[in-house]
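Visitor: I am new to this structure and would like to learn how its descriptions are reached. Please show it to me, and then let me ask about the words you use.

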Amino acid sequence: MGPSSTPDLSTEVSPLSLSTVAVVGLGTMGTGITEVLTRAGREVIGIDTDQAAARQAVASLEAATARAVQRERITERERQDILARFRTFSDLQAAAEADLVIEVVPENYELKRQVFAELDAVVRPDAILATGTNALSVTRLAADSQRPERVLGVHFFNPAPAMKLVEVVSSVLTAPTAVAAVTQLARDLGKDPIAVGDRPGFVADGLLFGYLNQAAAMYESKYATREDIDAAMRLGCGLPMGPLALLDLIGVDTARTVLEAMYAESHDRLHAPAPILGQLAEAGLTGRKAGRGFYSYEAPGSGSVVPDAETPAADGALGAGRTVTSVGVAGSGTMASGIAEVFAKAGFDVVLAARSLEKAEQAKARIAKSLGRSVDKGRMTAEARDAALAAITPAGSLDAFAEVDLAVEAVAEDLEVKQQLFATLDKVCRPGAVLATTTSSLPVVACARATSRPQDVIGMHFFNPAPAMKLVEVVRTVLTADDVHATVRAVCAKVRKHAVDCGDRAGFIVNALLFPYLNNAIKMVQEHYASLDDIDAAMKLGGGYPMGPFELLDVVGLDVSLAIEKVLHAEFRDPGLAPAPLLEHLVAAGCLGRKTGRGFREYAKR
């Protein structure tokens, strides 16, 4: 074909031309995309060589639209119009009249290349060809195509009807007008498109799969149970699903394919697939679709988890703990006040000790305000507030901890300060008292070794704000006694917190999984791959995260984030965990986030 017959996409493609769309591959994703397109008034040509898949796609659209009628979101007439816009075929020839073809066949390069080669011979010269891949090279597919300028990626998220994000992926060969047309289509579908360049995982999966991989490796190392890893990330970060449950939903084999592609490009060990992913995939334990993956399910395709050999026993199996009726909380900051409030509301007698009686009384006044807000919002009665306040005794010295059953340290995140405090607790507290640190990143055993009773020391990592956040990471050292562990688990249950068990290593569960993800987001901006706004939007809209990574970094504090990154890097020695230089530069410049009015973004002064 000579140059004269190659279409000029700069004039031929307009955002209004994509009225007929062919969807190649009618699996879960293809069916979801079909529903989105037909409901937005597009004619859809569904193509799948498996006639059973085509029938299932039609049945799924019928069921989804019937539910919409039942919920009065559409009329029966509108439903019939939607169904009439969807026709299925078993041959790619059916794509001849399509303005846009979206390929969503399995993640196999040779299979996708073959589909594109056949489409080249079928579609109109001005038709746009889109791949739904999230791991394979769009550029390579384009280069192998007869008209690379009309090839791009369009990555929907599962379930396509519900998820708002669409990543529009251009290679160096893609015509800008093709990108503009597909971007406009995504907007017409009610989606939020972001434009990204071609690299494995793009934005959302590029950040998500590294995190999922680390969670799989954490489970494989027996650092924490699958249930505790998942609960920690749901309750500690507000995520809709835990990472291992999400891997089962995505498909363990699919996740491994994406990670292989990411590692081939990045050579970052954080992307090298955890061996457990390969073992499960080879055994056919690919997640929900197989009925078993990290968890066991009622049946293949079911989302109902059933008990299996790994399901943990109830807390009663931990054995007897020590009796706790009184608690000492050391500190006067936000965390100490929040923890003291949690214990007081649960009926414990609380001694709140600070460096001076004045500071302790200020902390109690902060608790009174917080409890007052709960009364105003109808979350507790005035009587319950008064009882909780009456249970708190402010003190200007740790000597007031002489008779407490549990002492909880919540002072500055400085190992020397904490060790001095534990040495004091060792002298002050009665024999048999449990001593706990709320550190989020320092070694608990270093606090324990500052005492003559390391068997009585444990980590109780509350999350901020302590009254609202349900999670407590219970951190055992190699020296912690079994009855101390059982005591703290029982106390967590009494204060209505969800306890997860983990060992004494940097970051515990949540920070060890969260901060490398945040660091990788910073690297994406540093490398000019995507903007702050696009990355934040991608993770909220594509991953269901309550906050984007840069919103979260500015809230946590860039100095705090950098300190945790340094601790993780020092402990695990993985080059991929080294703090992003951009983070170090912002901290050096005093841009620490919301607290200074500027971090990754600028904030109005209060």
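Guide: Phe508 has a relative accessible area of 1%, and buried means under 20%, exposed over 50% and partly exposed in between, taken with a 1.4 Å probe and protein chains only, so Phe508 is buried. This is a predicted model, in which local features need pLDDT of at least 70 and side-chain atom pairs count only at pLDDT 80 or more, while totals for chains, interfaces and linings use all residues. Residues are numbered from 1 along each chain as its sequence is written, and side-chain values use heavy atoms, with hydrogens and water left out.

Visitor: Where is Phe508 placed, and what is its phi?

Guide: Phe508 sits in the loop between β18 (498-503) and α19, and its phi is positive, about 50 degrees, although the residue is not a glycine. Helices (H or I, at least four residues) and strands (E, at least two) are DSSP runs, numbered from the N terminus.

Visitor: What makes Lys222 count as buried or exposed?

Guide: Lys222 has 73% relative accessibility and therefore counts as exposed. Lys222 is found in the loop between α8 and α9 (226-237), and its phi, near 60 degrees, is a positive value in a residue other than glycine.

Visitor: How do you know whether Asp426 is buried or exposed?

Guide: The relative accessible area of Asp426 is 18%, so this residue is buried. Asp426 lies in helix α16 (residues 415-428) and, not counting residues up to four places away in sequence, touches Thr451, Ser452 and Arg453, where contact means heavy atoms within 4.5 Å.

Visitor: Why is α8 called oblique to α20?

Guide: The axes of helix α8 (residues 204-220) and helix α20 (residues 532-543) come within 9 Å and cross at roughly 60 degrees. That makes α8 oblique to α20, since angles under 35 degrees count as roughly parallel, over 145 as roughly antiparallel, 65 to 115 as roughly perpendicular and the rest as oblique. The axes are lines fitted to C-alpha atoms, for helices over the stretch in contact, and angles run from 0 to 180 degrees between N-to-C directions.

Visitor: Which residues of α8 and α20 meet?

Guide: Ala204, Leu207 and Leu208 in α8 meet Ile535, Ala538 and Met539 in α20. The residues of this contact of α8 with α20 divide into six nonpolar, no polar and no charged, where Ala, Val, Leu, Ile, Met, Phe, Trp, Tyr, Cys and Pro count as nonpolar, Asp, Glu, Lys and Arg as charged, and the others, Gly among them, as polar.

Visitor: What makes α8 roughly antiparallel to α19?

Guide: The axes of α8 and helix α19 (residues 510-526) come within 9 Å and cross at roughly 155 degrees. That makes α8 roughly antiparallel to α19. The residues of the contact of α8 with α19 divide into ten nonpolar, three polar and no charged.

Visitor: Why do β3 and β8 stand at the edges?

Guide: An open sheet of eight strands, with mixed pairing, has the order β3-β2-β1-β4-β5-β6-β7-β8. β3 (86-89) and β8 (192-197) each have a single partner strand, so one side of each is left without a neighbour in the sheet. Two strands pair if DSSP finds at least two bridges between them, and three bridges join strand β5 (residues 128-131) to β6, with the two running parallel.

Visitor: How many residues of β6 are buried?

Guide: Strand β6 (residues 151-156) is mostly covered, with six of its six residues buried. Val151, Gly153 and His155 point one way from β6, and Leu152, Val154 and Phe156 the other way.
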